[in-house]
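Q: I should like to learn how to read the features of a structural model. Please take them in turn, giving the general idea and then the case at hand.

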Amino acid sequence: IRRIRTHHLREMKQRGERFSMLTSYDQLTAQVFDEAGIEVLLVGDSASNNVLGNSTSIPVTVDELLPLTRAVSRSVSRALVVGDLPFGSYQASPEQGYLTAARFMKEGGAHCVKLEGGVEMAPQIERMTRGGIPVMAHIGFTPQSEHALGGYRVQGRGDAAERLLRDAEAVQEAGAFAVVMEMVPGDVAAQITAKLEIPTIGIGAGNQCDGQVLVWQDAFGLRTGKMPRFVKQYADLRSTLLDAARTYDSEVKSGAFPGPEHTF
Ligand code: KIV
Ligand code: NA
């Protein structure tokens with residue numbers, strides 16, 4: 001496959017093949033992850049707290065995310081690029097949502113968009129889909145609603161599992177081509193995955209989802225410190241960078257760098 005399209009993900013689900021997704025917010029990581037064979041790159045609103053220095057995803061704006069989305073979409077040759085609609089840019093109405101999503105497609109070069117919400121976002125998903133914009137939904141724990149949900153909590157436990165299933169079915173019915181499930185019990189995510197025709201993508205939702213997603217700085221150890229339980233650290237980039245920066249600093253200060261081979 002030269003380019004991953006939304007139908008490829010559905011076909012992978014039908015064949016029982018899993019796919020992978022990572023966040024990316026810039027040219028060089030997009031190129032590396034694309035080369036690694038990651039099927040889907042999400043220019044997440046998590047850029048708010050992984051690039052732009054905020055402590056949550058709430059403050060990030062459309063105008064801040066568009067240049068990052070453009071950087072990623074220009075840099076991949078295979079991966080499907082998802083533009084993440086930020087808080088406040090689509091909830092007000094389907095029209096607001098459509099106009100925002102269209103900017104991500106036109107100005108950001110995104111191949112599709114992601115929004116947070118289930119049953120209540122069905123009108124937005126329908127409007128976008130009808131207008132030619134593929135939509136990935138995001139249910140369970142939705143970080144933009146952190147304050148409404150009362151903090152970082154597992155969603156869909158016990159009786160709430162029924163509501164989560166209704167959210168999943170509503171977004172599929174509305175036309176979403178895939179759905180992210182965040183911080184959901186593994187058995188609930190497995191049941192929903194088996195029920196839906198569209199692929200599910202888990203983050204803290206067990207290994208029975210059709211795909212998985214992580215924030216790259218978490219997965220590869222650029223961000224360290226207290227991490228949610230669902231993160232696995234595949235590299236220790238912070239230590240690597242810290243060592244390199246310290247070595248550079250000391251060589252500059254001692255005069256060891258630049259050497260004759262770096263000098264004209
Ligand atoms: O913004 C983000 O990084 C996300 C995912 C981790 C799903 O929405
Ligand atoms: Na997000």
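Q: Is Ser 46 buried or exposed, and where is Ser 46 found?
A: A residue is buried if 20 or more other C-beta atoms lie within 10 Å of its own, exposed if 12 or fewer, and partly exposed in between, with C-beta atoms placed from the backbone. Ser 46 has 22 C-beta neighbours inside 10 Å and therefore counts as buried. Ser 46 is in the loop between strand E2 (40-43) and helix H3 (47-50). Helices (H or I, at least four residues) and strands (E, at least two) are DSSP runs, numbered from the N terminus.

Q: What should be known about the model and its numbering?
A: This is a predicted model, in which local features need pLDDT of at least 70 and side-chain atom pairs count only at pLDDT 80 or more, while totals for chains, interfaces and linings use all residues. Residues are numbered from 1 along each chain as its sequence is written, and chains are lettered from A and ligands numbered from 1 in the order in which they are written.

Q: What average pLDDT does the protein have?
A: pLDDT is the predictor's confidence in each residue, from 0 to 100. Where pLDDT is low, the predicted coordinates should not be read in detail. Here the average is 97, and 100% of the residues score at least 70. For the complex, the predictor gives an ipTM of 0.99 and a pTM of 0.97.

Q: Which residues are around ligand 1?
A: A residue is near a molecule if its C-beta atom, placed from the backbone, lies within 6 Å of it. The residues around ligand 1 include Asp 45, Ser 46, Asp 84 and His 138. Among the others are Leu 42, Val 180 and Ile 203.

Q: Which positions does the UniProt annotation "binding site" cover?
A: UniProt positions are given in the numbering used here, feature names are shortened, and annotations may be inferred rather than shown by experiment. In the unreviewed entry, one "binding site" annotation covers Asp 45, Ser 46, Asp 84 and Lys 114. These positions are spread over 70 residues of sequence, yet they cluster in space, with a largest C-alpha distance of 12.4 Å.

Q: Where does Asp 84 lie, and is Asp 84 buried or exposed?
A: Asp 84 lies in strand E3 (residues 80-84). With 27 other C-beta atoms within 10 Å, Asp 84 is buried. By contrast, Ser 93 is exposed, with 12 other C-beta atoms within 10 Å. Ser 93 is placed in the loop between E3 and helix H5 (94-106).

Q: What is the phi of Met 183?
A: Most residues other than glycine have a negative phi, and most peptide bonds are trans. Phi of Met 183 is near 50°, a positive value in a residue other than glycine. Met 183 lies in the loop between strand E6 (178-182) and helix H9 (186-195), and is buried, with 23 C-beta neighbours inside 10 Å.

Q: Which residues does a cis peptide bond join?
A: The cis bond joins Phe 257 and Pro 258, with omega about 0°. Pro 258 is found in the segment after H11.

Q: Why does H11 lie largely in the open?
A: Of the 18 residues of H11, the number buried is zero, so H11 lies largely in the open. Helix H11 (residues 237-254) reaches 26 Å from its first C-alpha to its last, close to the 26 Å expected at 1.5 Å a residue; the expected span is 1.5 Å times one less than the number of residues.
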